[in-house]
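User: I would like a close look at one chain of the model below, taken slowly and with the criteria spelled out as you go. Please treat it as one connected account.

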Amino acid sequence: MQTNLVRIELIKILKYKSFKVLLGLHLTLYFISVLMLSQVEVQVPGFKIGNLFLFPHAWHTFVWVAGWFNLILVILVIMVTCNEFAFKTFRQQFINGLKRDHLLAGKGLVILILAVYAFLMVMLTGTFFGIVSGSGPSLSGFFENFHMLFVYFLQTVAYMSLGFLIAILMRGTALSITMFFLLRLLIEPVIRGFFEPAARQFFPVKTISDLTPFPEVFSITSESEVMKEGADALTFEAMGLVSHQLPLYINVLLAAAYTALFILIARFYLQKAGL
Amino acid sequence: MSKGQVYGILGPNGSGKTTTLAIAMGIIKSQRGKCVWFCQNTPADNSWKKNVGTLIEVPYFYPYLDLVDNLKIVAEIKQVPFGDIFRVLQVAGLYERRHSTYRTLSLGMQQRMAIASVMLGDPDVLVLDEPTNGLDPQGIADVREIILSEREKGKTIILASHILAEVERVCTHVAVLKNGRLLADGPVAQLLGRDETLVIGAKDNEKLMKALSMSEMINTSDFREDGIWISLKEGFTPEQLNRYLMEQGIALSKLEKKKKTLESQFLELVK
């Protein structure tokens, strides 16, 4: 018989009411947002909101919407991590025979479970809306931007890893959530401001946030390919609406590197600190 | 500490009992010295802990989980079949409350839950830090019974406590700590037998005192209401003393061994 960390973590989270409520809220808010977006009326010639839901654009749209609610996933990870300190259960489990790396791996599994849940949520809704809104030909693009789902998966893992690191360092739920907010909305943006615009793209929160940018609505038309080619020039960046963005693959590599860094720092701290 | 011993760690508040156990379990790193488990494992290597049931200070469980779920987590960590959960809940007297959440338990019941958790998987070694904390008289008696029955099974038990009467009843060996230092250790009988006290009396106690003051056998003597309290120097026996006094023309009307309690010995040591 092997110690089953997945089973241990599932016992902890599946019977935790606050966790279930927040997870339900995440799912509900995401659904409502998708439904509301589908009802928005946009007066742009050649553009219909329904186009956002057509393959292959659907994946960009759904990961972008899902990205709004990453904060709830981060709060969930912070909550379950800080609980271990508040209840002193990390200490007790260490006494009972878990290694410090097991404690880290347990929370890593929670992050993965949540990321898989979010991945499936976006994939299922994307597939459903894509099929419902699209006519036959749009299905051909099903796999075209499918990689965006994996990018979104990385984004959730990266954000949750950052939340986990903050929780390990701060140990209090309220303090950790506040720190995460401040880091995302104030601290990093202010620090970024001191750097050249080109360098700003390399900051952790910016890198992770840029993984699921606002869909290029002006390049999404239901018109002919000829029209589409022309519209492609109308990117937000070309119009000066957003700052320069790194190529996606660079963003992905950076976000993965930052995620590894967050986990390594958390591991280092967990090895040294008292429980 | 050897297999089968019930080893009591005694000491006043702040003497380092819990710290010693925390070092042994790898929660705190020691500044000096070394702790080895099962002749080979260090506290940092955790594999041996599955064979040790530990309660340090107060028990820590998930307040929102019921008792069975809390013990399932412990069982998973210790790789113990879930069936054992119901056995230990029975032993700890919590079977009826098995579906209550941990937060609804009284302090005494939380302590019982800790005992249940410690017993899970029938480990060879039990480490118990103040296991009777917060328990009612019945609970204290239950814990004593559990410890005695585990002792019967040949289990090794390390017990930190300041309830000396309990320690005296269950322990085979004790160590006394003060300010992080070891004052004395050894088998309970040996520790209590040290500096044995005799109460003696004769018709003429003044003559007796005079004879005692001339003897080389006497370590201390104290004239009290119920007789003269003396302790003999090492190597001398009450028989030798009696013979000496007979030679001095004194017939003893009273010769009584005063058995020391652990409490009196403890208080003398930590004074």
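How many helices and how many strands does chain A have?

Analyst: Chain A has twelve helices and zero strands, where helices (H or I, at least four residues) and strands (E, at least two) are DSSP runs numbered from the N terminus. The model is a predicted one, in which local features need pLDDT of at least 70 and side-chain atom pairs count only at pLDDT 80 or more, while totals for chains, interfaces and linings use all residues. Residues are numbered from 1 along each chain as its sequence is written, chains are lettered from A and ligands numbered from 1 in the order in which they are written, and side-chain values use heavy atoms, with hydrogens and water left out.

Along the sequence, the pattern of chain A reads α-α-α-α-α-α-α-α-α-α-α-α. Of its 275 residues, 49% are buried, buried meaning under 20% relative accessible area, exposed over 50% and partly exposed in between, with a 1.4 Å probe and protein chains only. If one takes the contacts (heavy atoms within 4.5 Å) in chain A between residues at least 6 apart in sequence, 78% of them join residues at least 24 apart.

The interior can be followed through its nonpolar cores, each a set of buried Ala, Val, Leu, Ile, Met, Phe, Trp, Tyr and Cys residues joined through side-chain atoms within 4.5 Å. The largest of these cores has 101 residues, and the members that touch the most others are Tyr30(A), Val122(A), Met25(B) and Trp37(B). Helix H7 of chain A, residues 147–170, gives this core its largest share, 15 residues. Once neighbours within four places in sequence are set aside, Val122(A) is in contact with Tyr30(A), Trp59(A), Phe62(A), Val63(A), Ala66(A), Leu149(A) and Tyr152(A). A second, separate core of 47 residues includes Leu71(B), Val118(B), Leu126(B) and Leu164(B). In soluble globular proteins, nonpolar side chains tend to be buried together.

Two further residues of chain A show what lies around individual buried positions. Thr156(A) belongs to helix H7 of chain A and is buried at a relative accessible area of 1%; not counting residues up to four places away in sequence, Thr156(A) touches Asn70(A), Leu73(A), Ala115(A) and Ala118(A). Leu103(A), placed in helix H6 of chain A, is likewise buried, with a relative accessible area of 2%. Leaving aside neighbours within four places in sequence, the contacts of Leu103(A) are with Phe90(A), Gln93(A), Leu98(A), Leu270(A) and Leu275(A). From Leu103(A) to Gln155(A) the C-alpha atoms are 23 Å apart in space, and the two residues are 52 apart in sequence.

Turning to charged pairs, a search of the whole structure finds 20 salt bridges over all chains, each being a side-chain nitrogen of Lys or Arg within 4 Å of a carboxyl oxygen of Asp or Glu. One of them joins Arg267(A) to Asp101(A), with the closest N and O atoms 2.9 Å apart. Arg267(A) lies in helix H12 (residues 248–272) of chain A and Asp101(A) in helix H6 (residues 100–133) of chain A, so this pair ties together parts that are 166 residues apart in sequence. Both partners count as partly exposed, Arg267(A) at 36% relative accessibility and Asp101(A) at 30%. Elsewhere in chain A, a network of salt bridges links Glu9(A), Lys12(A), Glu84(A) and Lys107(A).

Chain A also meets chain B, with 25 residues of chain A in contact with 26 residues of chain B. The area buried between the two chains is about 2,700 Å², and carbon and sulfur atoms give 59% of it; buried area here is the accessible area (1.4 Å probe) that two parts lose on being put together, summed over both. Across this interface the rule finds three salt bridges, and Arg91(A) forms a salt bridge with Glu57(B), the closest N and O atoms being 3.3 Å apart. Helix H1 (5–14) and helix H5 (89–96) of chain A each supply at least two residues of the side that touches chain B, and the largest share of that side, seven residues, comes from H5(A).
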